[in-house]
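Student: I have a model open and want to go through it. Can you walk me through what was computed for it?

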Amino acid sequence: MKKIGVLTSGGDAPGMNSCIRAVVRTAIKNNVEVVGISEGYQGLINGDLADMDARDVGGIIQQGGTILKTARSEEFKTKKGQREAIREINESGIDGMVIIGGDGSLRGARALAEQGIKVVGVPASIDNDIYGTKMSIGVDTALNTIIRAIDQLRDTASSHNRAFLVETMGRNCGYLALIGSIIGGAEYVLLPEIEYNVQDVAGVIEESYMKGKNHAIIVVAEGAMFNATRLSQGLKDLDVGFKTRVTILGHVQRGGSPTAFDRLLGSRLGTKAVQGLISGKTDVMVGLQDHKMAVVPLAEVVDQKRALETEYLDLFKFVS
Ligand code: ADP
Ligand code: F6P
């Protein structure tokens, strides 16, 4: 392995920079050159490549976002787009790729591997919806943002005797909402994986009111049966004791300085990915299992759907 390429793709996640830093420095210390590709797969198609050295990744470990920038590329989903990307990889003498991104980006990595490119994927997405790793880069930082927001909302909710419907990200996966509701002390949570009706939510809010609480916090994943806005409309004509307000956390959850956990996870996964490529591994993703680094076939990652841990569903019921 003489030269590796690295890119970030899909939704950005805090900790991507610590991963890029680890990739570049681990490669250089193993006498492997590194090429950084801007804006994900689209940058690869466009030939937006630049050599990177150890100094290029100095002073970035504390920064959210990704210095390589990220993008979504419809063109790369086509055979023609992939052909252009592979041509660019070969022309620039890259003999291995590290792809840092979410579920979709790892599907792209698999497509490259199936066409003969040596690829190691790194899971990075605040959604924590990727099979084969307990945690993806960015999740911990997003959870910390969510609980900070819930704590602040509780201050104002308690002062006004209000119920807040707090919407987290998670189009298909309820991890952020479920864990956010446990560690944020919410009264109820709505997840994409479960069906609900407005009456049940109304019942929980009213019960909180009758218990004498001075607030209620309902966490809603954006992909749940009702998002926070629709839920609020459904509750509009029902008397639940509290007046309700909606707060959509949105992309605030994707930004910010990565937590200690995400900096360490990004560093560990980045180094492991390069070591994997150097030792001849391809068509795999590096991940975290039982607190240790693991190597999982990309085929498994993209074919399997990560399920919500029942342990956390049960935990919420006990502590709420
Ligand atoms: P994320 O990686 O955060 O899940 P996306 O799902 O948008 O984000 O995927 C990022 C990019 O990965 C897409 O824009 C596309 O270029 C590539 N990609 C996604 N799915 C596939 C696929 N099935 N085959 C090839 N490339 C894909
Ligand atoms: O990063 C994943 C995610 O946050 C999803 O939960 C969300 O639906 C999506 O990205 C939105 O991303 P964008 O606005 O970049 O399309």
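**Ligand site and a buried arginine**

Tutor: Ligand 2 sits in the largest pocket. Keep in mind that this is a predicted model.

Student: Which residues are around ligand 2?

Tutor: Around ligand 2 are Arg-72, Asp-127, Met-169, Gly-170, Arg-171, Glu-222, His-251 and Arg-254.

Student: And how does that shell split by class?

Tutor: The shell around ligand 2 has 5 charged residues, 2 polar and 1 nonpolar.

Student: What does the side chain of Arg-72 do there, in distance terms?

Tutor: One of its polar atoms lies 2.8 Å from an oxygen atom of ligand 2.

Student: What about Arg-171 and Arg-254?

Tutor: For Arg-171, a polar side-chain atom is 3.2 Å from an oxygen atom of ligand 2. For Arg-254, an N or O atom in the side chain is 2.9 Å from an oxygen atom of the ligand.

Student: How much of ligand 2 does the protein cover?

Tutor: Ligand 2 on its own has 400 Å² of accessible area, and the protein covers 79% of that.

Student: Changing topic. Where is Arg-110?

Tutor: Arg-110 is in helix H4, which spans residues 103-114.

Student: Buried or exposed?

Tutor: Arg-110 counts as buried, because its relative accessibility is 17% and the cut-off for buried is under 20%.

Student: Which side chain does Arg-110 make a polar contact with?

Tutor: That of Asp-283, at 2.7 Å.

Note on methods. Residues numbered from 1 in each chain as written. Chains lettered and ligands numbered in written order. Predicted model: local features only at pLDDT ≥ 70, side-chain atom pairs only at ≥ 80, totals over all residues. Heavy atoms only, no water. Near = heavy atom within 4 Å. Polar contact = N/O pair within 3.5 Å; in protein donor to acceptor, adjacent residues only side chain to side chain. Areas by Shrake-Rupley, 256 points an atom, 1.4 Å probe, with all protein chains shown as cover. 1 Å grid on protein atoms, 1.4 Å probe; cavity = no way out; pocket = protein on both sides within 12 Å on 5 of 7 lines; lining within 4 Å. Sits in = over half its atoms within 2 Å of the grid points. Nonpolar A, V, L, I, M, F, W, Y, C, P; charged D, E, K, R; others polar. Helix = DSSP H or I, 4+ residues; strand = E, 2+ residues; numbered from the N terminus. Buried < 20%, exposed > 50% of the residue type's maximum accessible area, 1.4 Å probe, protein only.
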